[in-house]
Amino acid sequence: MAALIPEVLRVERQFARLFVAQSLSVLGDRVSFVALPFAVLSIGGSAADVGLVAAAGLLPMLVFTLAGGVWADRIPRQRIMLVSDLVRCAVQTAVAVLLLTGTARVGVLAALMVVFGVADAFFLPASTGLLPLLVPSERLGEANALRGFVHSAGLVVGPVLAGALVAAAGPGGALLADAASFAASAAVLARLGAVGGRAVAERAERLGFLAELRVGWQQVRQRSWVWSSMLVIAVYHVVVLPSVFVLGPVLADREWGGAGAWAVVVTAFGLGAIVGDVCAYRLKPARPMAVAAVAMVVASCQALIIGSGAPVVVIALLEACTGVGVSLFFVLWETSLQVHIPEQMLSRVSSYDHLTAEALMPLGLVLAGPLSEGIGVHRALFGMTALALPAGLVLLALPAVRGLPARPATTPASTNP
């Protein structure tokens, strides 16, 4: 039985505890992703209200992500994650109670999601920065692949579990399960104790908030492989992902026969993502960002595939291939950041990554619908590909990206690519 457990989980006990906690939290998030729209609809909300509540949870990323990065480089990162988990647990518990008691209102749900989004904005940079303190650098790729595996598996298992919970206990009961997952994660973080790495006093020069933020930006700006990758990640989130979250379901409803066909495509993507994580766990490329750039080129074809007019089975198979690409890219990208960026500045650099990704995604989600109404769904999807695919190819063409080694030639603290 022990042989079935990945070695990094057997050897790195602190990481194993965090992995279990975050696995529960991710599964809860997947349940919430499905249950929350039904919660809004169950109280008489409209499609616009569903979008309002979803945006309320994402928009705080624009305001608070950079602050989260600065604070995660100042104080113990597990402490920030613990507080974030407790806040998100409280929010989801409040939402569940409002729904179960029949007192929920759209405005109140949106306000609670703003609080949830603020906690998310602090959690993400701290989470990225904590991992190198729990796992030695030679095992970071394995650890990131396992985290990616949980996220990918959640794409497949989460909607099924959410459907069962919503059917059995309603949206309120499903969101109560999400709250419990945050409580479990917080309990593990509370027991994590001290972790390795530099002393807190050494991790951030107390230069003032803006000065420390500029130091993080300098770490991004002076590494062309970092800022160019962040730009391409922004293109992927703003241009490509709206084809999945907005236009794909529209096209499925109009031309593919409905939600069942879309579920097949989404499931195929999730299965492909799992395969990608398994590959990332086993592969140890000498030039990881070169492989990541190829994977991003594949991932950038999603809009073209969805709008191709091919049979649903073909689209599903091709989407599975893009799922492999997406998983590979993000595992290799996060591992490269953790290996090459000085640990005491990692959360600040990571906060710029999250800002250019998740925080900007609502812009694409808002624009995708009007664009498709103006020029047609298929033309909009082809236009998305025309923007995204060249960006991936440019990333692959950059020597700093192709030539980045798996390990720095010097210690990260003195690395200045």
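This is a predicted model: local features need pLDDT of at least 70, side-chain atom pairs count only at pLDDT 80 or more; totals for chains, interfaces and linings use all residues.
Biologist: What makes the pair Arg77 and Glu343 a salt bridge?

Modeller: The N to O separation between the two side chains is 2.8 Å. The cut-off is 4 Å between a side-chain nitrogen of Lys or Arg and a carboxyl oxygen of Asp or Glu, so the pair qualifies. Arg77 lies in helix 5 (residues 77–100), while Glu343 sits in the loop between helix 14 (312–340) and helix 15 (346–356). The two are 266 residues apart, and the pair links distant parts of the chain.

Biologist: Why is Arg77 called buried?

Modeller: Its relative accessibility is 0%. Buried means under 20%, so Arg77 counts as buried. Glu343, at 15%, is also under that limit and therefore counts as buried.

Biologist: Which residues are linked with Arg77 and Glu343 in a network of salt bridges?

Modeller: Asp73 and Arg348 are linked with them in that network. The structure holds eight salt bridges.

Biologist: How do you know that Arg88 and Asp85 are separated by about one helical turn?

Modeller: They are three residues apart in helix 5, which means a separation of about one helical turn. Arg88 forms a salt bridge with Asp85, and the closest N and O atoms are 2.6 Å apart. Both Arg88 and Asp85 are buried.

Biologist: What makes Glu142 and Arg139 a salt bridge?

Modeller: Their side chains meet at 3.5 Å, N to O. The limit is 4 Å, so the pair counts as a salt bridge.

Biologist: Why is Asp178 said to have no salt bridge?

Modeller: The nearest side chain of opposite charge is that of Arg88, 8.2 Å away. A salt bridge needs a distance within 4 Å, so Asp178 has none.

Biologist: What makes the pairing of Asp178 with Gln92 a polar contact?

Modeller: The two side chains are 2.7 Å apart. The cut-off for N or O atoms is 3.5 Å, so the distance falls inside the limit. Leaving aside neighbours within four places in sequence, Asp178 is in contact with Gln92 and also with Ser25, Gly28, Asp29 and Ser32.

Biologist: Why is Leu59 called partly exposed?

Modeller: Its relative accessible area is 42%. Buried is under 20% and exposed is over 50%, so 42% falls in between. Leu59 is in the loop between helix 3 (47–58) and helix 4 (60–72). With Leu62, Val63, Phe64 and Leu360, Leu59 forms a nonpolar patch on the surface, and together they have about 410 Å² of accessible area.

Biologist: How do you know that Ser372 is buried?

Modeller: Its relative accessibility is 9%, under the 20% limit, so Ser372 counts as buried. Ser372 is found in helix 16 (residues 361–375). Leaving aside neighbours within four places in sequence, Ser372 is in contact with Leu247, Val377 and Ala380.

Biologist: Why does Val95 count as buried?

Modeller: Val95 has a relative accessible area of 0%, and the limit is 20%, so Val95 is buried. Val95 is placed in helix 5. Beyond neighbours within four places in sequence, Val95 is in contact with Leu109, Leu112, Met113 and Leu175.

Notes:
Residues are numbered from 1 along each chain as its sequence is written. Side-chain values use heavy atoms; hydrogens and water are left out. Buried means under 20% relative accessible area, exposed over 50%, partly exposed in between (1.4 Å probe, protein chains only). Lys and Arg count as positive and Asp and Glu as negative; His and the chain ends are not counted. A polar contact is a pair of N or O atoms within 3.5 Å; within protein, one must be able to donate a hydrogen and the other to accept it, and residues adjacent in sequence count only if both atoms are side-chain atoms. Contact means heavy atoms within 4.5 Å. Patches are made of residues with over 30% relative accessible area and no salt bridge: like charges are joined within 9 Å, nonpolar side chains (Val, Leu, Ile, Met, Phe, Trp, Tyr) within 5 Å. Accessible areas come from the Shrake-Rupley method with a 1.4 Å probe; for residues, only the protein chains shown count as cover. Helices (H or I, at least four residues) and strands (E, at least two) are DSSP runs, numbered from the N terminus.
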